[in-house]
Each structure stands twice: as structure tokens, then as C-alpha cells.
2 protein chains.
Amino acid sequence: MPRPKTFDIDTAIDGAMGVFREHGYEGTSAQMLVDAMGIGRQSLYDTFGDKWELYKGALRRYATAEKQAHRTALKSGRRPIDGIRAMIERVVSDAATPCLGVGSIAEFGCSQSELTEINLAADRDLRGAMIEQVRAAQAQGDIADALDPDAIATFFIASFAGIRIAARGGARPQQLRDLGEMAMRALR
Amino acid sequence: MPRPKTFDIDTAIDGAMGVFREHGYEGTSAQMLVDAMGIGRQSLYDTFGDKWELYKGALRRYATAEKQAHRTALKSGRRPIDGIRAMIERVVSDAATPCLGVGSIAEFGCSQSELTEINLAADRDLRGAMIEQVRAAQAQGDIADALDPDAIATFFIASFAGIRIAARGGARPQQLRDLGEMAMRALR
DNA sequence: GTTATAATGGAATGATCGTTCAAGAAAGGA
DNA sequence: TCCTTTCTTGAACGATCATTCCATTATAAC
């Protein structure tokens, strides 16, 4: 009978994710992946296929985790607007580590349909939760009724990308907090 | 006496810029550059040194051109707020083509000081013009006095990055226009 | 112990990378 | 005409790339 796997696949993917987040797809070599994942080169290819497949796996895992974190923050707090604020503040305080979603879009745009599909699926899910929350906040008078919830969701996602690019470009924490404040301000 | 140069250096750099904008630094090969620039490979290395030097040249040229375009839009219109709106609308309507500034930051972050310096220099210049314009708009009551002009400038720049990433991710023109509207709204 | 699989590490493959060498064609000033 | 330089082209270089082959060791179930 077979010897069971000893290393955890998700842990290995997390290692790959870290490298891809920092250096992008083209900027990452197989050797960097081997080092960061803590497994042998052959195990890498046996388990994940090739570099591209591994990148997709990392992006998939990142997207679902990030989406979940957003939703959790969104549902936190007593009032709907509190959840929205919590979501923004989480992005602000986590902006120091690069975002693989933004990275993949900056690097590939829409040219790789497999990536676009992954990003769009997470986007769609998250957008749904956002719209729901925005509607609730509007019902409580915390967000202007004139605003279209869908446009606000788009605005959130774009603002997050803006904050993350700002952070990657060297913005200081205070500036990032101000950006979060400005985003909140647009809702009134 | 020597034969004068036949190709225009800036035109060649523009060709390189187009490739770098679309594929990033690592995703661009020397052959792609030769094809896009319309010059021989040897001329490329004779004139520009190497790929990295060429990338810096392209970024430098892009940054100054972009900064200038921003300033021109900023100064247009009768009232200061009109200039601000024009600047935002220009970003919205040009968002279809990728931004080399955003691309360089997404790809390298702050790890390459030579790039950071180029981006920061343009940023500093542009920020100065923005602050001036914001103060004028505040004096006319078109932007809330409570807002710090410097924070608004940061917000503009981050919003532009957000809009451009959104566009690169496949956002439709209407969504981009909405993003511009939301950015304007945060100023009230 | 035997067997089947997991996993590692090193060497090798073929491709592509950025870059340079070498030679020739083109073009203006003398 | 003859220089001198520009520019192009193709071949070549060494390095690195992703990937695979191979031999070896380790560990579980039988």
C-alpha cells in the first residue's frame, strides 16, 4: 500500500503564494518556488503539474481566502455600515503585503482567460455580499440613497486596488488610513 | 564626417514603452522590443545600453508625459474644480491602455530604487500642482474645507491607480465613469 | 521482508533569455 | 573618389529558464 503524503498541499501552495505575490509570475523561478515551498523540485512537478498550474492554484486559493476575509469583516459590527468600515480598515491594515489578485491583473490584464475566470468568480461573489450590505446601510440612512449599490461595490473594489498599489509604491500607514477615510466619505 | 542618426530616439522609446506597458518588464523579450521599436538589435544596445536601461528610459519618458498631461487637464476649465474634473475624466477615458507607472509599481514595488526615484519625482511634481488646485477649489467652496489638500492629492493618485487596474481587469466604460463620479463625490 | 508509493537531489535537456561579435550595406562630408 | 560612422543582419555566446530523467532513500501497508 502507498506511503501517504507527508507535506501538506495547502501549506506548500501558501509558500508559492508568498513568492508570486512578491515577484509576480514571470519574476518567479522554479528554484524560488522550491525554496519557498519547502519541498523537492520533483514533488512540485508531480503534485502541481507545472509553474502555470501552480500559479493558478495559488491565485485560486488566494482569491477564495481573500473573499472570505472580506465577507467576514463585512458581516462584523452591529450596523451594516460598521461592517463596511471594518472591511475597508482590514484592507488598509493588510496593505503592506502585496495582493495576488491585483498582481495578476497588472501582469496579465484579461489576456489569460483562466486567470480572469478565477478573479471574476471571486469578484462576483464578493460583489453580491457588498451590494446586500450597502442596501442595508442605505435602509438605515448611512449611505446616500441616490447611489447605485452596484456602482458602490465597483468603487470598493477599485479603491482596494488603489490602496494596495499605493502601499506597494511606498505610501505610509497614515496615508493609507486617509485613503480609507476618503472612500468612506464618498458614500455619504 | 559621420553619418547622422536616421531613426528618432523618442519614437523608438515610444515603441518600447508600448510593449512594456502591455507585458511588463519580465514579460518583454529583446526580440519583442526590436520588433516594436522598428530598429535593429545592435542599434538598440548601442543606443540604449541594455534592457533595464531602456526600461528606465521608457518609464522616465512615460512619467513626464503623463505628469504633463495631468497638469494640462488640471489647469483647463474656468473654475479650479473644472480642471480637477477634467483630470479625472481624462484618466477614465484613457484607462483602456495600461499605465507604465502602475505596472512598474505592481511588478517591482519599492525594490528597485532607480524606478522608485523616477516615479516619486513625477509624483512630487504632480502632487504640488494638485494641492494648489485643490486649495483654489476650496476657496471657491467646491471642495470641503475640512479636507487636507495633501490627503486629497494622495486620494487622486490612488484613485487613478484603482481606475486603471479596474480597466485592465475588464471593467466596462460605464463602470469607469462611475468610478470617476465617486471620486469627485468624496470631495464634497 | 516484500511491495508500492512518496519524496529528494543531481544531472541532463532543450528552449529561450539578454547580450555581443563580426561582417556588410548605406549614407553623408571630404 | 575615400573616410567615417550608422544601421542592419545573422550567428554565436554564456546564462538561465522550466521541465524531466534517474537513482536513491524513506515510510507505510501487507
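This is a predicted model: local features need pLDDT of at least 70, side-chain atom pairs count only at pLDDT 80 or more; totals for chains, interfaces and linings use all residues.
Residues are numbered from 1 along each chain as its sequence is written, while chains are lettered from A and ligands numbered from 1 in the order in which they are written.

**Chain A**

Chain A has nine helices and zero strands, and along the sequence that reads α-α-α-α-α-α-α-α-α. Here helices (H or I, at least four residues) and strands (E, at least two) are DSSP runs, numbered from the N terminus. Along the principal axes, the C-alpha atoms of chain A fill a box of roughly 60 × 40 × 30 Å. Of its 188 residues, 43% count as buried; buried takes 20 or more other C-beta atoms within 10 Å of a residue's own, exposed takes 12 or fewer, and partly exposed lies in between, with C-beta atoms placed from the backbone. Among contacts in chain A with a separation of 6 or more, 61% come from residues 24 or more positions apart. Two residues are in contact if their C-beta atoms, placed from the backbone, lie within 7 Å.

**How the copies meet**

The contact takes 32 residues from chain A and 32 residues from chain B. On the chain A side, these elements give two or more residues each:

| Element of chain A | Residues |
|---|---|
| α6 | 100-108 |
| α7 | 113-139 |
| α8 | 149-168 |
| α9 | 173-185 |

α8(A) gives the most, with eleven residues. Since 100% of the interface residues of chain A are also interface residues in chain B, the copies meet through the same surface.

**Spots in chain B**

Helix α8 of chain B (residues 149-168) has 20 residues and reaches 29 Å from first C-alpha to last, close to the 28 Å expected at 1.5 Å a residue; the expected span is 1.5 Å times one less than the number of residues. In α8(B), 17 of the 20 residues are buried, so this helix is largely enclosed by the rest of the structure. After α8(B) comes B:G170, with a positive phi near 110 degrees.

B:H23 sits in helix α1 (residues 9-23) of chain B. B:H23 and B:L100 are 77 residues apart in sequence and 9.8 Å apart in space, C-alpha to C-alpha.
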